[in-house]
Amino acid sequence: MIKRLLIVLVTLFTTTIYSQNDTIKTLDEVTITASRFKLEAASAKTIQMDSVKNYFAQETPYFFSKTPSIVAQSDNGTPFGYSYFTLRGMGQNRINYTLNGVPLNDGEDLAVYTSNYTDLLNSLRSVQIIRGAGVSANGSSSYVGLVNMDLTSPFDNKTIEVSSMLGSFNSSRNSVKFTTGVTKRGFGATFRVSETYTDGFRDFSSGRSTSFSTSLGYRNEVTSIRFNVIFGKTKNGQAWLPVPEGSPATTNVLATAFGIKPQYDDFTSGIYQLQVAGKFSEQTIFNLSTYFTHVDGNYDMPAFSLNYPDNTNNLKLNSANWGAYYNVKHTSNGFTIEPGFTINSYARKHTGTTDGVFQYDNLGEKFDATAFTKTSYKLGLDWIVEGDYQFRSTSFTYKDLEDFGNKVFEHNFHNYSFGISYRRSDIFKPYISFGKSSREPSRTNLFFDILPDGTRISTDNPTNISQISNTKPETVRDLEVGTKIISKKLNGSFNGYYMYFNNEIISIGQLNSMGIALGTNADKSYRLGVEGDLTLKLKKLEVGSSFNFSKNKVWLNDTKSEPVLTPNFTSNLFTNYKLGKVEIGANYKYVAQSFLDNDNNFTCPEYHLVDASIGYKFKSKLSFNLVVNNLLNKNWTTGGNLGHDYDSSWLPTSTYRQFYYTAGTNVYATLNYKF
């Protein structure tokens with residue numbers, strides 16, 4: 001593996017050339033170049049956080065849910081706490097998530113928990129969502145897309161901002177952040193501290209979280225140095241099992257299945273990054289970063305034992321990830337090349353107890369390394385050709401199997417994308433691109449137990465070779481054709497895609513002990529769709545829409561069906577009207593029905609959702625914003641799975657639907673003072 005990486009790296013770096021024509025604008029552009037590459041031929045959405053009107057500390061999935069092809073879901077039925085989203089019907093663990101280039105997907109399950117850092121969006125300058133496969137990034141493969149988040153710069157102007165929110169279910173958020181501005185010697189800093197709380201909509205699903213972030217920086221004419229820290233502490237009532245159909249929408253099975261016994265977690269998380277960027281010349285810049293992340297904590301859950309109904313299991317998780325990335329970006333005569341590499345070393349220890357009595361422990365270790373290069377070339381004034389190639393090598397080692405010791409899973413992937421875009425029109429910017437991306441199975445899909453009826457369930461502590469599945473890596477080939485629309489009044493994009501999969505790991509409608517969906521390889525599958533967003537801005541009025549219309553099929557055991565929890569139509573319609581210092585807005589969201597199982601026998605119903613907001617800006621730089629979610633007061637469901645009743649021998653006696661219900665009308669009022 002190392003030899004192959006060295007060959008690729010030498011090839012990449014010997015292609016870097018120097019000239020004196022095109023220039024790089026600012027060092028602030030340098031500091032985000034490793035996490036963001038301007039793709040003309042891509043279906044993408046970039047959100048500048050200083051333009052956001054209705055942020056009240058909602059988690060990232062709900063913040064993203066008004067963009068094309070995204071559907072959000074939460075455990076506790078509010079926009080806070082453990083929350084997730086799907087993109088084109090596929091979950092977060094198929095999406096590459098980075099923060100200033102630091103990977104947020106955990107090394108084993110590839111899952112993302114931004115709720116570990118409550119109010120994270122309040123520390124961001126911008127968010128970029130790219131839909132489609134093949135774009136190089138640090139961490140897990142960009143299988144379905146990627147989310148790039150960039151922290152507020154310590155070199156921004158001096159500001160102080162105080163914010164306080166109160167809302168439904170005793171929800172609250174208090175935060176203070178300030179930026180020092182840049183001193184004469186080039187030093188700057190930004191700080192934020194936040195605390196959030198909610199009782200949650202579902203029973204015993206309260207959550208209290210605190211987080212802190214800072215970015216300390218120094219820059220001169222040719223170099224920028226930043227040290228970023230994000231720290232979070234959370235304690236949440238566990239509510240990751242859905243509600244059986246017919247039960248009250250607030251039911252929390254984890255807390256009530258064996259008597260009233262609330263289950264909680266307690267986690268501490270941290271991200272520490274040193275980032276150095278600079279210029280070799282006006283045409284050539286570099287970015288070097290090293291980082292360390294950790295997550296330490298535990299959570300309770302019922303033993304789910306008919307014989308021992310009062311027992312409580314506890315799973316303790318301690319993970320650490322060290323990594324680094326380096327890239328160079330050179331621009332000359334319309335040609336841009338950006339070679340680089342990334343490395344990550346991850347380890348997580350699992351310790352299981354029952355009522356405080358030790359049961360097991362095991363360790364998962366993962367190492368991955370990538371070498372990549374990205375290029376673009378301007379053909380005359382009208383055409384831009386782009387390419388992106390990544391070699392990724394990954395090795396996961398599961399330790400302490402009783403019958404044979406360690407088990408190693410190794411994979412090498414060649415991921416790429418290329419495209420061409422046309423720029424003659426002042427308004428329409430059409431493009432076409434093709435990409436390929438492969439991804440290894442997560443730990444969740446590698447280990448299993450078998451119930452007496454033959455049903456596979458996930459296990460956190462496999463002890464012999466028979467509990468290791470033959471789940472294969474999955475590969476997608478993705479064709480994208482679309483256009484961006486850029487004008488003074490009308491902005492947006494339209495995009496068509498065809499994603500063809502080999503060995504796609506599809507959901508089987510069941511969850512593991514951490515609430516992560518279990519999967520298996522499909523014989524074949526595809527997703528074909530059209531998506532887009534469009535915003536019309538007039539003098540006082542803004543109207544817009546985002547949508548996804550798709551046809552999706554999977555073949556499993558020679559049976560064709562629609563994939564689980566993949567609606568074939570989603571849309572948002574929104575409007576904002578500004579009248580003096582008052583701004584009124586509304587959003588209508590529709591999500592079509594989907595299926596809870598691969599046989600397509602059980603449906604998850606469609607839903608209609610209307611939200612509204614009103615904001616007011618005072619002369620004293622004080623602003624007030626009121627957000628009303630679910631104006632029609634309906635207990636809508638964002639997803640679910642199938643539940644089963646079992647007899648004393650653990651054989652199923654019945655099957656029923658289970659749903660994640662979301663709260664009826666809920667209101668959040670925010671006061672914000674910025675000076």
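Figure 1. Arg-88 lies over the face of Tyr-497, with 3.8 Å to the ring centre. Over the ring of Trp-555 sits the charged end of Lys-524, 4.6 Å from the centre. A charge gets this label if NZ of Lys or CZ of Arg is within 6 Å of the ring centre and within 35 degrees of the ring normal. Keep in mind that this is a predicted model: local features need pLDDT of at least 70, side-chain atom pairs count only at pLDDT 80 or more, and totals for chains, interfaces and linings use all residues. Residues are numbered from 1 along each chain as its sequence is written, and side-chain values use heavy atoms, leaving out hydrogens and water.

Figure 2. The whole structure holds 33 aromatic pairs. Here a pair means rings of Phe, Tyr or Trp (its six-membered ring) with centres within 6.5 Å; planes under 30 degrees apart are stacked, over 60 edge-to-face, and the rest tilted. One of the pairs is Phe-56 with Tyr-668, stacked at 4.9 Å centre to centre with 10 degrees between the planes. Helices (H or I, at least four residues) and strands (E, at least two) are DSSP runs, numbered from the N terminus. Both Phe-56 and Tyr-668 are buried, that is, under 20% relative accessible area; exposed is over 50% and partly exposed lies in between (1.4 Å probe, protein chains only).

**Figure 3. Another stacked pair, Tyr-416 and Phe-418.** Their rings are 6.4 Å apart centre to centre, with 10 degrees between the planes. Tyr-416 counts as partly exposed because its relative accessibility is 27%. Phe-418 also gets the partly exposed label, at 48%.

**Figure 4. A cluster of rings.** Ring pairs join Tyr-55, Phe-63, Phe-64, Phe-85 and Tyr-97 into one cluster.

**Figure 5. A nonpolar patch on the surface.** Patch members need over 30% relative accessible area and no salt bridge; nonpolar side chains (Val, Leu, Ile, Met, Phe, Trp, Tyr) are joined within 5 Å, like charges within 9 Å. A salt bridge is a side-chain nitrogen of Lys or Arg within 4 Å of a carboxyl oxygen of Asp or Glu. Val-176 lies in strand β9 (residues 171–179).

How values were computed: Areas by Shrake-Rupley, 256 points an atom, 1.4 Å probe, with all protein chains shown as cover.
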